[in-house]
Amino acid sequence: MRAEDERYFETLESQLEEAMDVAETAKQRGDDPKPEVEIPVAKDMADRVENILGIDGVAERVRELEGQMSREEAALALAEDFADGSVGDYETKAGKVEGAVRTAVALLTEGVVAAPIEGIDKVEILTNDDGTEFVNVYYAGPIRSAGGTAQALSVLVADYTRALVGLETYEARQEEIERYAEEVGLYDKETGLQYSPKDEETKFIAKHLPIMLDGEATGDEEVSGFRDLERVDTNSARGGMCLVMAEGIALKAPKIQRYTSQLDEIDWPWLQDLIDGTYYDDEASAGEGEDGDGGDGDGEGEGDEEANANDSSPDSGADDRPPGPPRVEPATKFLRDLIAGRPVFSHPCAEGGFRLRYGRARNHGFATAGVHPASMHILDDFLATGTQIKTERPGKAAGVIPVDSIEGPTVRLANGDVRQIDDVEEALEVRNGIEKILDAGEYLVNYGEFVENNHALAPAAYAVEWWVQDLEAAGTDVQALEDDPRIDLEDPPAEQVLEWALEYDAPLHPKYTYQWHDLSVVAFDGLAEAVSDGTVEDGGAGGETLVLEHTDAVREALETIVIEHRQRPDRIEVDDWDPFVRSLGLTADLERTWSIEDLSERARAWGVHEDGDNAIEAVNEVAPVAVRERAPTRIGTRMGRPEKSERRDLSPPVHTLFPIGEAGGAQRNVADAGKYAETMSDTPGVVELEIGRKRCEACGEETFKNRCPECNERTVPDYECPSCESRVDPDEAGRVECDRCEIEATCVEYTEVDVHEVYRDALEAVGERENAFEILKGVKGLTSTTKVPEPMEKGILRAKHDVSTFKDGTVRYDMTDLPVTAVRASELDVTVGQLEALGYEEDVHGEPLTHADQLVELKVQDIVLSDGAAEHMMQTADFIDDLLEQYYGLEAFYEIDDRQELVGELVFGMAPHTSAATVGRVIGFTSAAVGYAHPFFHAAKRRNCDGDEDCVMLLMDGLLNFSISFLPDKRGGRMDAPLVMSSRIDPSEIDDEAHNMDVVSRYPREFYEATLEQADPGDVEDIVEIAEDTLGTDHEYTGFGHTHDTTDIAMGPDLSAYKTLGSMMDKMDAQLELARKLEAVDETDVAERVIEYHFLPDLIGNLRAFSRQETRCLDCGEKFRRMPLTEVCRECGGRVNLTVHKGSVNKYMQTAIDVAEEYGCRDYTKQRLEVLEKSLESVFENDKNKQSGIADFM
Amino acid sequence: MPLEGPARIVSELTSRGYNADREAVTLIATADDPAGVLERAIDAAPENALVLRTEDVRTVLDAQTDTQPAATEPTSARQDPPVSTGTSPDASPQGEGSTPVETGGSPAPRTPLDPSRQSIDVANDMTGQSTGTGEYEDFVAVFRDRLERLGGKLRGRVNHRPATAIQAMPGGGEVGMVGLVNDIRSTASGHWLIELEDATGTFPWLVMKDRDYADLVDELLCDEVLAMEGTLSDDAGIAFVDSMYFPDVPRTHQPSTADRHVQAALISDVHVGSQEFMHDAWNRFTDWLHTEDAQHVEYLLIAGDMVEGVGIYPNQDEELDIIDIYDQYERFSEYLKQVPGDLEIVMIPGNHDAVRLAEPQPGFDENLREIMTAHDAQIVSNPAMVTVEGVSVLMYHGVSLDEVIAELPAEKASYDDPHKAMYHLLKKRHVAPQFGGHTRLAPEEKDHLIIDEVPDIFHTGHVHKLGFGKYHNVLAINSGCWQAQTDFQKSVNIDPDSGYAPIVDLDTLEVTVQKFA
């Protein structure tokens, strides 16, 4: 580690210690459940793993292995240790496997999540039909938090350990295989899977898996076939098993394959078939006939989607044609489950869609995609910084980031101008006049993304950074050109470009390279002819203009190759036409030098979908210069989730974790509860509550408070055996069991509590009056084991500062995660001085930091808050200060008046499904509705940036207010709670996805050429450095280069139109309108999919729900499975009503019908709607009293 | 009287009360078998039609082409010497066999039936009677009606008291109650707690695990009507069950039978439009109906799922042979026309049909009826009570069977013995008791799903399994289907009984099964 890095961490840690001291003092004074800070600081991952598992010796062994190998390999090595008994004290083979599997999951999740304990129930040995023994692993729901990779690896580790301890493989019975398929489908329907394998896929996996996957039932719905199987305990869906099967094995097959190939003991040859999607051959039942009718445009073919993720042989399937250009196969998976209001930006591989360009912008990282901010606006503002998009490749989803050093979209305006828009101002100016979006612009993806997804490199767009290297390779002194102030290599004039190309024999500059590959050879010939008939006019200031006759063919050809021009009623004008004309094989005098017969057979037949649909070879034969394919890869995308930057409130929001039952009304208003009396004879404010009883060991007083109201001593929980009512004290392990009755004792009881008194006392204690806040909201009841309420004083101060608490006592703010590795003071709304104060001394080039627009490399634990988060943090800081002063009797800690004062303060970053918080430091602010931080910081929280969101908490808030005692007593209750904190990030101990991020400042020419070969990303790992390469070196925290800069990390719309548009209808109208405008989108398909995946399921689901719904009392909220025969509520006599009404069932009916009609959907879809509409009528209309139309009266 | 050219055809038609399009006459005259085509064209013509249309004849001719391969097709089986060599129909005006039955063959065709002896009566068709508008009160009315009517069958058997009255009683006494099952729970000690509900409230009944009635608990479904008798606990908070009564079919039930030897074919689940629809089996079935062997089959009852439908499950279009729903019914209608015209047909919709899924399902709308007018079948609601020559047949599609089979232990109800699942519905006197599960309910002013009168035959389909048997002398038949095993069925381990037609002797209620697949 470099000295400056060490200094950085020491700064953070001393700041943390300072805060800890204050918090510890406060806690000793207060009335909290525990008199100390409840979030321990963890030293390293090994510690966390051992603590979570409770297996001695693991930490030591983990530390030993860590230096030598990856965590996956360490998990396998530990499996060996468990097998030979050198780690863990297990007698049985089942125990050894269990230990190995749990350890593997803990290791792969960095000891951060609860999955290793809660997600794996047990491992047992069962018997095959031939009498041999096999391993059965029981998974539970919380295995979800381990993520697909760890889930999949846990199966591999189980198998490996199985092989080592000498057990046989599992031979699935036919009915078990079928059961897996049905069950995974059922679980997907009921709960939803991130990835839904087809039945064939599940069956294929089940058939070949060498261990049995089992688990506890998680849902109520039962399978209808394959019930009561001998080796399956339940007829319900086993959620944990389904997750491991679908999101683990099926989804992460390529990752597992990396490791199976390294192990001799086990062999999973079938993985290749799974990855390739060739398992259909294995299933005799898969009908060939079905494939025959798949020509309906969207190619919803089954296996191809899985297959092409790794398809590195582009010419397979095109054997009958002469070789064409390298192309990826279209994949339609990302279009599945299209939702109304979330538009498609490009159909798979569609012309006019986003063009794949390689590079890493400074705000790029894992699972992000760079889009020009002008594109964001042109796409009707649906994309904003942080908006999630579902994408065709290389991954499944990505968070959108603004990058303005790539190309923007090209549009045709109503006035006939076809312009490329590379400027946000211009985009805003022309957006209302856009008729057609001919090209969506470039789409920047970094190399690491392909590594992470193990996806073959897709052919790269021809871009300046490649061209420069071509120029260099051709022997040009590029440095001299770069140094020449008269030359702009990015944006050179046309004459210059031709000169370079001719003189140096390098390909034509990308700026003047048009998308010839989308033009057919015939159209190319026609265009050459039309241009040779054109004339050149003096265009005045702009130089000469090429004028062509306006014909449909010419216009279409020009739009296809996406060249800027102007369409006038009688003519078409092209500026900067020289390179264009030369590419057509014409002389500068528009003289044609070739005819189509002169072209070689190869050039005439060159094509992707059919012979001669790609003119690039023809161009190269007739042009005097070499011309590369401009955009060989288009990436299909659609909108996923919108970005997020919002305070996290429980629903309804809670200020204090103090129970008030029903007495506070639906608002849970503590003040109301303080006045509530059920009958006239009750004392107002005295409410019967289920609450934990405590006793004062000093004076024997019984109370629910953490400090004795009599003598101010701390109290202890007062456990009692529910059977014999004798007092029970917890044993060393914290278990409370009655020795006599052998049942668990409890301290929870129903007690009358004077809420009014508690409320008044609390107000008095903090010296606040009721008018300090609008409303103080409590909770209905407590869900924790001991039901310890929070001191109400905290709630009063929260209410005063308008912050609310999460279930664990902390105040949180959620933001979409985005990465950034270098920042400018100017874009963070901070000064150079502030950055210097945080230890930033020089910029990325090593120059002293003096200007606000110098780029500095971000330190790993520094984070950028969104404006909303900053605002909320300031409120929280005010709350904390009041809390310290008015409740704990200490000095204020933050004293923040201006948000600039937040800079340098520590926060906790904390992701859902994890149990560990990571300490971060505020460095600045952004207007984007996202949380920018170093990719390693996100990875430490086990997040990637594909639209994931998580929260920040103010450090002191976590230290003072978090308590384990508040956490719900149920499976998963300990998730999303800071059970431990990591004070410093060790890059080796974070989610290894971040290690695949590339850190170079330029990709070499060989890389771009490798993309044309569709090489495996591993083939070029030696020429592009990724973060993994610096792990464990002095440079592990630094040297994150980027290939593309961006002016500001917040550009484009502040919020996605999805969030600013009002109703679902508005959103959907905008979605379909955009589909119409986009060249790369088929609006009929969009309409079809919205109906198929959104409206129809909604209608069908609601209609089904209607006819089997439960009902609810409007007065007391009591639910009834069926309408009570009493008609009124059996509990309170109140009015009972339906929970699903006609209005909610048919709200989309008419819209769906209209959309189907307007966008020309298939008859099949229309008829489905028709049948549904009739069903609705039949259910909701009285046959004898039909609504009559005007016709009835005529 | 041989048909010799257009004039004779017109005269024959006139004698039967029809005018005809000129082209229709030409078509008949030029057909291979003018007499047969004329017969069938008249059958195919819409009811009340005065004019025989060209389309009517075309459909008949088309259908004939469809069924040509079937060797037993009556028209081709008939040996008519005059036309045996005539490849050009125009050249053989000299005539034909006089009536379809004149000449024998192998197998022999059936004799036309005497329609005057046929009788069909439908008791409770709710088509066009759906008055519910989906309000809360509609639901309440349905369940109250259920308690009222089924409870009425039980009140005589126990000394019943309303729930609120029982709550107010002192502990220890004997007590009886009639109500809907509101909840079934097992207690920590393995006993069963059954909550009965009536119009006043609920009361919990405890079935001790070692009592006789404990066995019955696992065949209970929520919302069925029960009567219980027992002893109140000391605190009167609960009653211990001594006896339990179902509305049930009386053991002494004596079914009605037809006065003559006449048969009905009971089928269901035709699924026309599915790639798995077994048209060969269907053709063999309808061919058979034309033979002497089927002479006594005068009725055809179809218990739902005429067609495969659209949008029944995701991506269904990939497995459809006919994607257009109306084309599916057109084709079904064609297939129906192969059935001899003198058979009386009654059909109800099922869950694949283009009507609402929620039960009761009204019969098809005008549009679909229009498509299926060819055979003049009666289309009624699901469920419906159809009385055929005095024998009452309760036709119900059978969606609730899935639920009965899922909820009850395998030995009491399974897909292999679908009729045993039907016994439970008879015992509960309700075709779909449980609310909130698989079965969907459309609230109407009364509960159309009650089995008010005991039927002589209970006919269902849906589960694609053939099974029949008698429960308290009621014949329960689950007809198989005309669809081969689908991928979905394979995935859930259902092996359908395809291509069977159970034939019931209406005079004896004996069943014979004809197999056509």
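1. Domain bounds in this note come from an automatic or database domain assignment. On that basis chain A is divided into domain 1 (6-13 + 809-1007), domain 2 (38-282), domain 3 (323-461 + 631-643 + 1008-1061), domain 4 (648-800) and domain 5 (1082-1193). The structure under review is a predicted model, and the points below should be read accordingly.

2. On the relation of two of these domains: the centres of domain 3 of chain A and domain 5 of chain A, taken over C-alpha atoms, are separated by 40 Å. Their contact draws on seven residues from domain 3 of chain A and eight residues from domain 5 of chain A. The side of domain 3 of chain A that touches domain 5 of chain A comprises, by class, five nonpolar residues, one polar and one charged.

3. On the interface between the chains: 47 residues of chain B are in contact with 43 residues of chain A. Helix 6 (136-152), strand 5 (192-198), strand 6 (201-207) and helix 12 (399-407) of chain B each contribute at least two residues to the side of chain B that touches chain A. Helix 6 of chain B gives the most to that side, with six residues. The residues of the side of chain B that touches chain A fall into 22 nonpolar, 14 polar and eleven charged.

4. On the open sheet of chain A: three strands are arranged in the order 2-3-4, with mixed pairing. Strand 2 (120-127) and strand 4 (212-215) of chain A stand at the edges, and each has a single partner strand, so one side of each is left without a neighbour in the sheet. Neighbouring strands of this sheet are turned against each other by 30 degrees on average, direction ignored. Strand 2 of chain A and strand 3 (residues 133-139) of chain A run antiparallel and are joined by seven bridges. Within strand 3 of chain A, Val137(A) is the residue that stands opposite Val123(A). Helix 5 (residues 93-108) of chain A packs on the sheet, where it touches strand 2 and strand 3 of chain A. The direction of helix 5 of chain A makes about 145 degrees with that of strand 2 of chain A.

5. On strand 7 (residues 368-371) of chain A: both of its faces are covered. Thr368(A) and Gly370(A) lie on one side and Ala369(A) and Val371(A) on the other, and all are buried. Strand 7 of chain A runs parallel to strand 9 (residues 397-402) of chain A, with four bridges joining them. Its pairing with strand 13 (residues 442-445) of chain A is in the antiparallel sense, over two bridges. Gly370(A) takes part in both pairings: it stands opposite Ile401(A) in strand 9 of chain A, and its bridge partner in strand 13 of chain A is Leu444(A).

6. On chain B as a whole: the chain contains 14 helices and 19 strands. Of its 517 residues, 50% count as buried. Among contacts in chain B between residues at least 6 apart in sequence, 71% join residues at least 24 apart.

7. On helix 10 (residues 325-337) of chain B: this helix has 13 residues and reaches 18 Å from its first C-alpha to its last, close to the 18 Å expected at 1.5 Å a residue. Helix 10 of chain B is mostly covered, with ten of its 13 residues buried.

8. Gly467(B) has Asn478(B) as its bridge partner in strand 17 of chain B. Two residues lie between the strands of this hairpin, in which His472(B) takes a positive phi near 50 degrees.

9. On Leu466(B): this residue is found in the loop between strand 15 (457-460) and strand 16 of chain B. Is Leu466(B) buried or exposed? Leu466(B) counts as buried because it has 22 C-beta neighbours inside 10 Å, and the cut-off for a buried residue is 20 or more. Not counting residues up to four places away in sequence, Leu466(B) touches Asn478(B), Ser479(B), Gly480(B), Asp497(B), Tyr500(B), Pro502(B) and Val513(B). Leu466(B) and Cys481(B), 15 residues apart in sequence, are 8.1 Å apart in space, C-alpha to C-alpha.

How values were computed:
Residues are numbered from 1 along each chain as its sequence is written. Chains are lettered from A and ligands numbered from 1 in the order in which they are written. This is a predicted model: local features need pLDDT of at least 70, side-chain atom pairs count only at pLDDT 80 or more; totals for chains, interfaces and linings use all residues. Two residues are in contact if their C-beta atoms, placed from the backbone, lie within 7 Å. Ala, Val, Leu, Ile, Met, Phe, Trp, Tyr, Cys and Pro count as nonpolar, Asp, Glu, Lys and Arg as charged, and the others, Gly among them, as polar. A residue is buried if 20 or more other C-beta atoms lie within 10 Å of its own, exposed if 12 or fewer, and partly exposed in between; C-beta atoms are placed from the backbone. The expected span of a helix is 1.5 Å times one less than its number of residues. Two strands pair if DSSP finds at least two bridges between them. Axes are lines fitted to C-alpha atoms, for helices over the stretch in contact, and angles run from 0 to 180 degrees between N-to-C directions.
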